[in-house]
Amino acid sequence: MIYGATGYTGRLIAERAVDRGQRPVLAGRDPAKVARAATPLGLPYRVFDLRDERAATTALADVDLVAHCAGPFSATSAPMVSACLATGTHYVDITGEIDVFESVAARHEDAAKAGVVLLPGSGFDVVPTDCLAALVAAELPTATTLDLAFQASGGISGGTLKSALEGAALGGRARIDGELRTVPMGWRHREVPFPSGRHAVTSLPWGDVSTAFRSTGIPNITTYTRLPGLNRLGPRATAVGRIALGNPVAQRLGKAAIGALVRGPGTAQRARNWVEVYAEATDDAGRSVSAALIGPDTYEFTVDSVLRTVAALLAGGVRPGAHTPSTAFGPDFVRRLHGVRIIEPAR
């Protein structure tokens with residue numbers, strides 16, 4: 001089942017699934033929108049609201065796996081996970097939200113007992129960053145610090161922007177001495193040697209400060225993104241922004257503006273877009289290992305990754321419980337994705 005199939009990414013996943021000979025059940029909470037998404041593809045569909053626990057468990061009773069694409073995941077993940085645990089349904093989503101990763105990981109034992117795999121973050125950005133993190137960690141088992149960075153030519157998706165808006169109200173986040181800590185937004189800056197050249201990046205709180213810790217055990221993790229102009233924001237500006245964005249009205253208006261103004265790219269634009277990811281692990285002796293990858297448009301990355309994740313989970317072999325992409329499939333999973341090229345680890 002694809003829940004949230006009426007959204008941009010959910011629709012892309014459904015269309016590509018049909019192209020690959022699959023027939024997922026499409027689902028969402030708006031009857032008219034779900035019907036409009038499913039009918040042209042000749043797919044079955046179901047309508048239910050995750051706030052209705054009985055309806056959700058009934059809808060999932062005969063479903064082996066749900067690809068959950070309906071954000072904001074801070075509101076929708078927990079009820080979907082609960083329904084999946086009740087029905088023995090594997091759970092996959094495309095979140096990048098730190099607190100969602102933490103809450104799903106906290107249900108590891110419940111999932112193990114239920115025989116269910118919980119795998120949040122099965123798209124971009126977590127799949128490439130998590131796999132690269134595991135790759136460099138394996139090359140440097142003594143690593144104590146991990147930096148992860150990405151840049152995308154097509155910009156950031158509307159869903160990711162909404163997640164970032166929520167996160168901005170909480171301030172920056174980093175993994176420090178094994179603990180998740182709140183830090184000033186943009187608290188660190190550095191240059192990264194991306195495959196296309198060196199660029200300045202700024203720390204922003206992405207999901208990897210949760211997932212990469214579970215994948216690698218490295219206690220200090222900072223995530224960075226290249227966003228022009230962000231590196232010029234000082235502590236005072238970010239503190240004021242945090243206060244302003246903590247207002248519920250500002251959150252609603254900001255998300256409404258993103259929904260109205262940010263549209264997913266067309267086919268031709270997606271074909272031109274690209275993404276680069278960089279990972280660097282360092283130990284206390286000053287040794288370091290780095291690796292990078294070049295991949296396709298972030299939406300294309302997500303669609304391919306989700307469908308390959310679904311196929312791998314349905315084939316069996318992944319132990320029940322909460323996972324990251326690399327703990328489920330190994331760091332080489334990202335190599336299987338279409339259009340991805342790895343720049344091998346270098347010391």
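This is a predicted model: local features need pLDDT of at least 70, side-chain atom pairs count only at pLDDT 80 or more; totals for chains, interfaces and linings use all residues.
Figure 1. The chain has 14 helices and 16 strands. Take the contacts between residues at least 6 apart in sequence: 70% of them join residues at least 24 apart.

Figure 2. The largest nonpolar core holds 86 residues, and Leu118, Leu146, Phe301 and Val334 have the most contacts inside it. Helix H13 is the top contributor to this core, giving eight residues. Another core sits apart from it, with seven residues, including Val201, Tyr224, Tyr278 and Ala292. Back to Leu118: leaving out residues up to four places away in sequence, Leu118 touches Val81, Leu85, Tyr91, Val104, Arg107, Ala111, Gly321, Ala322 and His323.

**Figure 3. Helix H1 meeting helix H13.** Here are H1 (residues 8-19) and H13 (residues 298-315), whose axes come within 10 Å and cross at roughly 55°. That makes the two helices, H1 and H13, oblique to each other, and their crossing is right-handed. On the H1 side the contact involves Tyr8, Thr9, Leu12, Ile13, Arg16 and Ala17, while H13 brings Tyr299, Glu300, Thr302, Val303, Val306 and Leu307. Sorted by class, the contact of H1 with H13 has eight nonpolar, two polar and two charged residues.

**Figure 4. Ala212, a buried alanine in helix H9.** Ala212 is part of H9, which covers residues 208-216. With a relative accessible area of 0%, Ala212 is buried. Not counting residues up to four places away in sequence, Ala212 touches Asp130, Ala133, Leu146, Leu148, Gly217 and Ile221. One of these, Leu146, is also among the residues with the most contacts inside the largest nonpolar core.

**Figure 5. Ala106, an exposed alanine in a loop.** Look for Ala106 in the loop between helix H5 (98-105) and helix H6 (108-114). Its relative accessibility is 64%, so Ala106 counts as exposed.

**Figure 6. Two cis peptide bonds.** The peptide bond from Gly71 to Pro72 is cis, its omega near 0°. Pro72 belongs to the loop between strand E4 (65-68) and helix H4 (73-87). The peptide bond from Phe124 to Asp125 is cis too, with omega near 20°. Asp125 is in the loop between strand E6 (117-119) and helix H7 (126-139).

**Figure 7. Asp177 and its positive phi.** Asp177 isn't a glycine, but its phi is positive, near 50°. You'll find Asp177 in the loop between strand E8 (172-176) and strand E9 (179-183). A relative accessibility of 56% puts Asp177 over the 50% cut-off, so Asp177 counts as exposed.

Key. Residues are numbered from 1 along each chain as its sequence is written. Side-chain values use heavy atoms; hydrogens and water are left out. Axes are lines fitted to C-alpha atoms, for helices over the stretch in contact, and angles run from 0 to 180 degrees between N-to-C directions. Helices (H or I, at least four residues) and strands (E, at least two) are DSSP runs, numbered from the N terminus. Angles under 35 degrees count as roughly parallel, over 145 as roughly antiparallel, 65 to 115 as roughly perpendicular and the rest as oblique. A crossing is left-handed if the near helix is turned anticlockwise from the far one by less than a right angle, and right-handed if clockwise. Contact means heavy atoms within 4.5 Å. Ala, Val, Leu, Ile, Met, Phe, Trp, Tyr, Cys and Pro count as nonpolar, Asp, Glu, Lys and Arg as charged, and the others, Gly among them, as polar. A nonpolar core is a set of buried Ala, Val, Leu, Ile, Met, Phe, Trp, Tyr and Cys residues joined through side-chain atoms within 4.5 Å. Buried means under 20% relative accessible area, exposed over 50%, partly exposed in between (1.4 Å probe, protein chains only).
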